[in-house]
Amino acid sequence: MKMQNVVIFDLFGTILIEESHNWNNGLKHIFDMYLDTDDFNEVLSVAKMFKDRNMNNRSITYEEPKMIDQIKLFQRQFGFIKETSIDDVEFEFLEHSRVVSLNKGVKEVLDYLKKESVEIYIMTNTIYSSKAIRRYLDKLEVAEYVTNIFTSSDFGYRKPHMGFYDYVFSKVNYNNSLERKDIIFIGDNLTKDAIAGRDFGFRTVLLNGLKDSLIHIDKRIIITKNMLDFKQFLVDEFIYISGFLNNYSISDGPGNRLVLFFQGCKRHCKGCQNEKSWNRTEGKRIHIEDLVIDVLHKLNKYTRNITVSGGEPLDQKSQLISFLKKLKNFEINICLYTGYEFDEVDLLILENIDYIKTGEYIENEKNTTNGYYGSSNQNMWMKGEDGKWIKMIER
Ligand code: SF4
């Protein structure tokens, strides 16, 4: 089953910045183009009735009306002067009432996520249908990035209603491979997006334009200043893994060990037994803190040992260092498997591990007698009590 990686965006204030919002401009447009009446005041009073009935209590009931219903009401009341689809009228109303531009840096974030094969969704509070929003985004040349759009109007309730979050999660998690914590949700509203999303179980990002950035206000909400800082968060704080070995192993380093496989390897050794691990984006993107928690859950009282293997863990060097440092706080014995030679390994990595298997896999030197090595040119090193590294088998 393909591993899914998902980011959900709020729309207004997040992907789009609103330059102006004038409901009457939308009304004037459909009055001029479609409605069979000469009296704009009549149109205004029908619109006011709709607003009073459906929109004044929204912040209490969280119920979301549909713009489509307003247009149907106009059609019943006045009739249309020409044949047209309700969807077209809705889109034109939206287009003429809200003037927007793309948030700075949003294209860069979307391009990055696309390159990393991350699925992009939108979850937004609006009276417009997802069809109208997609057409709107199409004009701004960003619709192609978005797998699906969920509007409160289509669902019937607005954020922070948990039913809306539940609905979106059930749609996004179409192959049941995701947990709520795997989903990153970015929005510009503290209560409706960041806190409600966090309470639902997503990892949330509050985009608020403040001077400081990437402030972790609790384990599952961070504040980011702008889209480019959000991108930096996506790059720095996530690791690609393919998963854990089902059982503990006695052949991936000394002792009984939990084994974690990083995803991605640029080395492409001839005869590699694990070519599926080469493409990083086929792995699961996991936040480093969540990975540490997963490791702690999986270790038990019989072993505090873990081996980090691959793929090639050093291909995600800065994330690996951050992961190892966090893990070391829990006094876990760490063994690292890498295809690099010992003297190519960063000191910050060596400081935070206890064993390391080094050296390229060479098919002609394939080794089946010592479980620690794939080929006999490779070495296993251990850190002595004095902190000096020694080879476990001298050759
Ligand atoms: S380093 Fe390991 S995973 Fe990467 S190509 Fe070589 S043998 Fe395969």
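**Nonpolar cores, overall form and ligand shell**

Residue I8 touches Y121, M123, V168, V172, I183 and F185, with residues up to four places away in sequence left out of the count; contact requires C-beta atoms, placed from the backbone, within 7 Å. The model is predicted, so that local features need pLDDT of at least 70 and side-chain atom pairs count only at pLDDT 80 or more, whereas totals for chains, interfaces and linings use all residues. Residues are numbered from 1 along each chain as its sequence is written.

I8 and I30 have the most contacts inside the largest nonpolar core, which has 53 residues. Such a core is a set of buried Ala, Val, Leu, Ile, Met, Phe, Trp, Tyr and Cys residues joined through C-beta atoms within 7 Å, a buried residue having 20 or more other C-beta atoms within 10 Å of its own. At least three residues of this core come from each of domain 1 (6-16 + 101-236) and domain 2 (18-98), with bounds from an automatic or database domain assignment. A second, separate core comprises 28 residues, among them I241, L258, I349 and Y355.

Of the 395 residues of the protein, 35% are buried. The C-alpha atoms fill a box of roughly 95 × 40 × 35 Å along the principal axes. Among contacts between residues at least 6 apart in sequence, 61% join residues at least 24 apart.

The ligand is surrounded by C265, R267, H268, C269, C272, N274, S277, G310, G311, E312, G339 and Y361, the criterion being a C-beta atom, placed from the backbone, within 6 Å. This shell divides into 4 nonpolar, 6 polar and 2 charged residues, with Ala, Val, Leu, Ile, Met, Phe, Trp, Tyr, Cys and Pro counted as nonpolar, Asp, Glu, Lys and Arg as charged, and the others, Gly among them, as polar.

Methods: Buried ≥ 20, exposed ≤ 12 C-beta atoms within 10 Å, placed from the backbone. Contact = placed C-beta atoms within 7 Å.
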